[in-house]
Amino acid sequence: MKNIKLAAREGRPISVVEAGGASFGREFAVIAGPCGVETEEQTVATAKAVKAAGADMLRGGAFKPRTSPYAFQGLGMGGLKILGTAGAETGLPIVTEVVDPRDVSWVAEYADMLQIGTRNMQNFSLLKEVGQSGKPVMLKRGMYSTLEEWLNCAEYILGEGNPNVILCERGIRSFEQYTRNTLDLSAVPALAELTHLPVIVDPSHATGRPGLIGPMSMASVAVGAHGLMVEVHNNPSEALCDAKQALTVDGFKDLMRRLRGLQGFLGEQDNEEKVAE
Ligand code: PEP
Ligand code: MN
């Protein structure tokens with residue numbers, strides 16, 4: 001692919017990106033938490049529940065890029081402080097979205113990893129700023145973007161001297177309306193050919209439907225994703241954003257149980273192949 005230099009695979013091993021104790025690219029990592037930080041009680045309760053179920057990292061937006069300017073925009077600084085409390089109480093590292101280059105330095109004080117959302121994938125001044133922050137970055141795929149455009153955006157971050165970038169496939173726009181987006185699972189093995197950067201999948205925004213999150217999570221493991229990001233809320237019916245797609249705490253526990261079963265199965269297959277060799 002033309003002009004993909006720092007991100008290009010070119011025979012390199014998959015990079016391992018460490019973020020506050022969570023590790024991407026070596027073992028499968030699961031990020032879970034609410035779409036938005038709403039209250040301390042909601043965030044801490046959800047954080048404790050996902051930690052108990054085996055999550056490796058807590059997510060939660062303090063800055064929400066919403067389609068409507070009248071929708072809940074996040075708690076800003078107050079939300080970051082709540083994330084700090086939830087992280088301290090559970091020991092979970094934190095990933096949170098940053099939407100404005102002017103906010104990067106102080107969001108970086110609370111986050112173990114900075115998230116660039118789909119709507120900002122090509123916000124080049126933001127990409128350069130997070131590239132200079134020294135923090136690991138999760139770069140979500142633009143909802144209308146090709147793999148080449150996406151990798152060019154990773155190149156902007158890497159070019160600032162920040163090697164700690166992971167990619168997150170979160171679905172792209174198609175003519176289909178039943179699902180919120182169309183999850184491009186072929187992106188996962190395609191990216192393994194093209195780049196050494198770890199790739200995770202967000203089945204929550206990709207499908208918008210709790211009933212599809214489990215099956216697409218299992219499929220993500222099967223195509224070689226390095227992790228997942230899933231939205232979980234302690235009381236989905238009260239959620240201020242993305243209420244319809246949030247897993248309940250019990251739904252998340254069940255998902256983790258099924259993932260472990262699948263990973264055990266795949267591990268056994270690998271071992272059998274090694275014995276047969
Ligand atoms: C999110 O993860 O909170 C989010 C807003 O996702 P996306 O940018 O993929 O829509
Ligand atoms: Mn969301």
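Thr 118 is buried, with a relative accessible area of 8% (buried means under 20%, exposed over 50% and partly exposed in between, with a 1.4 Å probe and protein chains only). The model is a predicted one, in which local features need pLDDT of at least 70 and side-chain atom pairs count only at pLDDT 80 or more, whereas totals for chains, interfaces and linings use all residues. Residues are numbered from 1 along each chain as its sequence is written, chains are lettered from A and ligands numbered from 1 in the order in which they are written, and side-chain values use heavy atoms, without hydrogens and water.

Thr 118 belongs to the loop that runs between strand S6 (113-116) and helix H4 (124-132) (helices, H or I of at least four residues, and strands, E of at least two, are DSSP runs numbered from the N terminus). A polar atom of the Thr 118 side chain is placed 2.7 Å from the backbone oxygen of Arg 141. This pair is a polar contact, that is, N or O atoms within 3.5 Å, where within protein one must be able to donate a hydrogen and the other to accept it, and residues adjacent in sequence count only if both atoms are side-chain atoms.

Thr 118 is also one of the residues surrounding ligand 1, among them Glu 97, Gln 115, Gly 117, His 205, Met 229 and Glu 231 (a residue is near a molecule if one of its heavy atoms lies within 4 Å of it). By residue class, the shell around ligand 1 comprises 1 nonpolar, 4 polar and 7 charged residues (Ala, Val, Leu, Ile, Met, Phe, Trp, Tyr, Cys and Pro count as nonpolar, Asp, Glu, Lys and Arg as charged, and the others, Gly among them, as polar). Oxygen atoms of ligand 1 lie 2.8 Å from an N or O atom in the side chain of Arg 59, 3.2 Å from one in the side chain of Arg 119, and 2.8 Å from a polar side-chain atom of Lys 140. The protein buries 97% of the 300 Å² that ligand 1 exposes when taken alone (Shrake-Rupley method, 1.4 Å probe).

Glu 176 is located in the loop between strand S8 (165-169) and helix H6 (187-194). Glu 176 is partly exposed, at 38% relative accessibility, and its side chain reaches the backbone nitrogen of Tyr 178 at 2.9 Å. Glu 149 lies in helix H5 (residues 147-158) and is likewise partly exposed, with a relative accessible area of 32%. Between Glu 149 and Met 121, 28 residues apart in sequence, the C-alpha to C-alpha distance is 9.2 Å.
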